[in-house]
Amino acid sequence: MQASATLPLSSAHAFVGTIREPLAGRDPEGRRGQASGIARTACREMPADAHPDDFESSLKPLWLRAQAGDDAAYRRCLTLLAARLRAYLRRRLSAFPDEVEDLVQETLLAMHLQRGTYDPALPVSAWAVAIARHKLVDHWRRRGRREGLHDAIDDVDEQLLAVDADDGGARRDLETLLQDLPPAQQQAIVLTKLEGLSVAEAAQRTGASASAIKVQVHRGLKRLAALVRREDPR
Amino acid sequence: MKTDTLIELLARDAGAAPRAPAARRLWPAALIGLLVSACAAIAVFGAIPAALYATPAPWTKLAYAGTLALAAGWLSARLSRPAAPLAGAPRAGAAVVLAMAALGAASLAAEPAGSRVAALLGHSWWSCPVSVLALSLPALAAALWAVRGLAPTRPRAAGFAAGLLAGSVGACGYALSCPEVSPAFVAVWYTLGIALTGALGAALGPRVLRW
């Protein structure tokens with residue numbers, strides 16, 4: 001988890017600088033504007049193998065394939081990102097370790113629903129971190145917590161440098177939440193996503209059209225994300 | 001559910017990412033808002049006489065509000081993408097406002113000294129910003145809905161951008177029933193109405209733009 005600490009300081013600044021967030025904007029020394037310039041220049045001009053962030057340079061081509069419709073690449077990307085997001089979130093939720101996996105799952109769901117908002121000009125990890133941070137702030141706000149928001153500002157693992165492969169187990173069970181979806185959405189998700197039917201097979205089984213199944217799956221996942229936000233343990 | 005199971009679930013048959021989701025939500029929202037505000041302006045305030053369309057007055061207003069709407073839409077789209085830099089969007093918006101201010105100042109300078117105040121205030125300076133704000137409300141609801149369905153990570157800024165978009169759209173509608181002719185009037189009072197809508201959007205953003 002501390003892998004980031006071994007990086008040269010300048011590259012660490014460049015990483016932090018790529019995140020444009022209101023929280024991240026309060027750099028007392030005004031380094032941020034300069035650093036983000038460095039990061040952007042680095043992304044544009046440096047060849048992939050010279051980039052200090054190997055994770056980003058190996059993730060990006062895979063992610064672009066995933067965006068174009070390669071499901072296997074997408075699965076691989078989500079797995080890679082989940083391990084990094086877990087480490088990122090665990091650091092920030094150190095007092096609440098049992099909430100980490102819930103938030104990893106919430107972030108993955110949000111990333112999936114918003115994958116169209118990824119801008120190919122940006123590092124994938126910057127985009128993923130911005131979503132994770134948003135989910136984290138939202139999580140704190142919903143629980144009326146303010147602590148912990150501050151120490152997140154200047155951390156150097158903004159680019160997901162650390163890996164945490166250990167799925168500590170989610171407290172919230174998405175499978176239980178699935179049962180609260182409207183029947184058509186629930187059925188579409190269970191058939192195509194859990195039972196592994198193709199969209200065409202699911203369409204045949206339910207008598208709906210293939211495009212209707214896809215719409216129900218998407219709506220169902222959106223609804224699931226909304227249910228996750230509403231349902232608040234404790 | 002294990003996280004690996006969730007990933008499996010999300011990736012299976014996921015297909016390609018949707019293209020240009022911001023444009024796909026913002027354009028319809030702006031066009032619906034425009035239609036509603038134009039209809040409301042004509043129904044409530046009445047249409048300006050057709051002869052006015054032979055003068056530059058309504059076209060100046062439509063061009064100003066239209067280009068500002070484009071800049072605000074661009075800004076909204078940037079703010080709807082996590083971690084995306086704003087690129088030239090804020091500068092484009094500022095350039096449109098400054099160009100209108102320059103045009104207004106030039107028109108005032110060309111007026112005889114005695115009639116400058118009258119040109120600036122017209123006969124509806126007090127009602128214009130409020131009317132623009134009121135006519136923008138449907139567009140504001142639509143724009144906030146559009147941005148909410150995307151991924152704004154800076155809700156106040158995104159709300160402000162959505163408000164600017166809505167305000168510009170509402171100003172387009174108001175231009176159809178506003179008889180004022182001075183560019184200086186447009187530069188001040190239209191801008192104030194649009195800014196008010198932007199401020200309302202910024203106030204609503206943190207509450208409304210949650211996802």
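Q: How many helices and strands does chain A have?

A: Helices (H or I, at least four residues) and strands (E, at least two) are DSSP runs, numbered from the N terminus. Chain A has ten helices and zero strands. From the N terminus, its elements read α-α-α-α-α-α-α-α-α-α.

Q: What kind of model is this?

A: This is a predicted model: local features need pLDDT of at least 70, side-chain atom pairs count only at pLDDT 80 or more, and totals for chains, interfaces and linings use all residues. Residues are numbered from 1 along each chain as its sequence is written, while chains are lettered from A and ligands numbered from 1 in the order in which they are written.

Q: What share of chain A is buried?

A: Count neighbours. A residue is buried if 20 or more other C-beta atoms lie within 10 Å of its own, exposed if 12 or fewer, and partly exposed in between; C-beta atoms are placed from the backbone. In chain A, 40% of the 234 residues are buried.

Q: Is A:Pro61 buried or exposed?

A: A:Pro61 sits in helix H3 (residues 54–67) of chain A. It counts as exposed because it has 12 C-beta neighbours inside 10 Å.

Q: What span does helix H10 of chain A reach?

A: The expected span of a helix is 1.5 Å times one less than its number of residues. H10 (residues 210–230) of chain A has 21 residues. From first C-alpha to last it reaches 30 Å, close to the 30 Å expected.

Q: Which residues of H10(A) are buried?

A: An α-helix has 3.6 residues a turn, so residues three or four places apart point the same way. In H10(A), the buried ones are A:Ile213, A:Gln216, A:Val217, A:Gly220, A:Leu221 and A:Leu224. Seen down the axis, they fall within an arc of 135°, so they line one face of the helix. The arc is that of the directions from the helix axis to the C-beta atoms. On the other side, A:Ser211, A:Ala226 and A:Arg230 are exposed.

Q: Which helices do the buried residues of H10(A) pack against?

A: Two residues are in contact if their C-beta atoms, placed from the backbone, lie within 7 Å. The buried residues of H10(A) pack against H5 (100–113), H7 (174–178), H8 (183–194) and H9 (199–206) of chain A.

Q: How many residues of chain B are in contact with chain A?

A: 30 residues of chain B are in contact with 42 residues of chain A. Helix H1 (residues 3–11) of chain B gives the most to the chain B side, with eight residues.
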